[in-house]
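Here is a briefing on one protein chain. Look over the sequence and the fold, then work through the points below.

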Amino acid sequence: MTTTAPVAGPVDFAAYGDYTVKAATRPDGSFARPLYRFRDRVTADGDGGFPAEPGRYHLYVSLACPWAHRSVIVRALLGLEDVVSMSVVDPVRDGRGWAFREGPGHGPDELNGFTLLREAYEATEPGYDGHVSVPVLWDRRTGRIVSNNFPDISLDLGQAFGRWARPDVDLYPEDLRAEIDALNERVYADVNNGVYKCGFAESQEAYDSAVTALFAALGELDERLAGRRYLFGDRITEADVRLWVTLVRFDTVYVTHFKANIRRLSDHPNLWRYTRDLYADPAFGGTTDFGHIKRHYYGTHPKINPLRIVPAGPVIDWSL
């Protein structure tokens, strides 16, 4: 596609170094996720200033990032592709952070002409010097970020845009919300963030604690799925989206790159069946790009993989 939108210069670690996440270091060597600055919400009635409207909002995402992948899946599940537009950044980032470049599965920012995602943050808060993360929900009307708080974005897509969404999909049903919230909290702490706690641990004790909690949680989830198709029975919910984005990356990157290697995902029979079952849904498998995933993880964590060599495998059969 021919475009006149500008793009960032090529990735250049020699000139720009590595991207550094701005987060406090814990004394025990355990990983601390940075805070997310922008936390406004889109609502159906506009309470708070951001009403759901078709064509008003735009997602900036990375297909490599599990937090952003949630939003991409929810958008597809709800059929909101023509309601909320989307741009995809280059999965490899140097010290300038997430950038817009031409490449397979990613390209320029056709909306604002940003070359670096940091520009969206600076347009929202001049002089911004915090962590630049994906996903970002952008408001065309006010020319600013609504939210970069990933849990809120997928919930708001599911709840606020009901008038334009598929009527047969409810990812956050009222009768299950308390249970979904409780399970999401556990999954986030020990699985979604748990793999990062393993990979970015800076002491043996922190790693040991994280990997033990991770595989305990995976064992419990495997048992939970023994008699049900999805986490809450026969319907896909927000909880499935949140868990799945970690599971689909597990054997490809987390087992090796993050040393989450007590067992593979494929060694958990029910989780493995569940992950492949959801992968067959185009909203899940069709939005998954293992090229982006591997290039990002293996190419941008120099403390873990200093030579940035991207492995050829593993070869995984995702069919049921």
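Helices H7 (residues 204-224) and H8 (residues 238-257) pack at an angle of about 110°, and their axes are 14 Å apart. The model is predicted.

**Packing of H7 and H8**
- An angle of 65 to 115 degrees counts as roughly perpendicular. H7 and H8 therefore run roughly perpendicular to each other.
- On the H7 side, the contact is made by Leu214, Phe215, Leu218 and Leu221. H8 contributes Leu243, Leu247 and Phe250.
- What kinds of residues make up the contact of H7 with H8? The contact has 7 nonpolar residues, no polar ones and no charged ones.
- An α-helix has 3.6 residues a turn, so residues three or four places apart point the same way.

- Ala201 sits in the loop between helix H6 (194-199) and H7.
- Beyond its neighbours within four places in sequence, Ala201 is in contact with Gly29, Tyr196, Ala206 and Tyr207.
- Ala201 and Arg93 are 108 residues apart along the chain, and 21 Å separates their C-alpha atoms.

**Salt bridges**
- The whole structure holds 19 salt bridges. Side chains of opposite charge can pair when their charged atoms come close.
- Asp139 pairs with Arg56, with the closest N and O atoms 2.6 Å apart. This pair links distant parts of the chain, 83 residues apart. Asp139 belongs to strand S3 (residues 136-139), while Arg56 lies in the loop between helix H1 (13-16) and strand S1 (57-61).
- Are Asp139 and Arg56 buried or exposed? Both residues are buried.
- Asp139 and Arg56 also belong to a network of salt bridges that links them with Glu53 and Arg141.
- Asp175 and Arg235 form another salt bridge, at 3.0 Å from N to O. The two residues are 60 residues apart and link distant parts of the chain. Asp175 is in the loop between helix H4 (150-160) and helix H5 (177-192), and Arg235 is in the loop between H7 and H8.
- Asp175 has a relative accessible area of 55%, so Asp175 is exposed. Arg235 has 34%, so Arg235 is partly exposed.
- Arg264 and Asp267 meet in a salt bridge of 2.9 Å, N to O. Arg264 is partly exposed, with a relative accessible area of 45%. Asp267 also counts as partly exposed, at 36% relative accessibility.

**Annotated domain**
- An unreviewed UniProt entry annotates residues 173-300 as "domain: GST C-terminal".
- Residues 173-300 are 66% helix and 0% strand. The end C-alpha atoms of this span lie 38 Å apart.

**Burial of H4**
- H4 is mostly covered, with 8 of its 11 residues buried.
- Which residues of H4 are buried? They are Phe150, Asp152, Ile153, Ser154, Leu155, Asp156, Leu157 and Ala160.
- The cover over the buried residues of H4 includes helices H2 (66-77), H5 and H8. Strands S1, S3 and S4 (144-147) are also among the covering elements.

Conventions: Residues numbered from 1 in each chain as written. Predicted model: local features only at pLDDT ≥ 70, side-chain atom pairs only at ≥ 80, totals over all residues. Heavy atoms only, no water. Axes fitted to C-alpha atoms, helices over the stretch in contact; angles between N-to-C directions. Helix = DSSP H or I, 4+ residues; strand = E, 2+ residues; numbered from the N terminus. Parallel < 35°, antiparallel > 145°, perpendicular 65-115°, else oblique. Contact = heavy atoms within 4.5 Å. Nonpolar A, V, L, I, M, F, W, Y, C, P; charged D, E, K, R; others polar. Salt bridge = Lys/Arg side-chain N within 4 Å of Asp/Glu carboxyl O. Buried < 20%, exposed > 50% of the residue type's maximum accessible area, 1.4 Å probe, protein only. UniProt positions renumbered as here; feature names shortened; annotations may be inferred.
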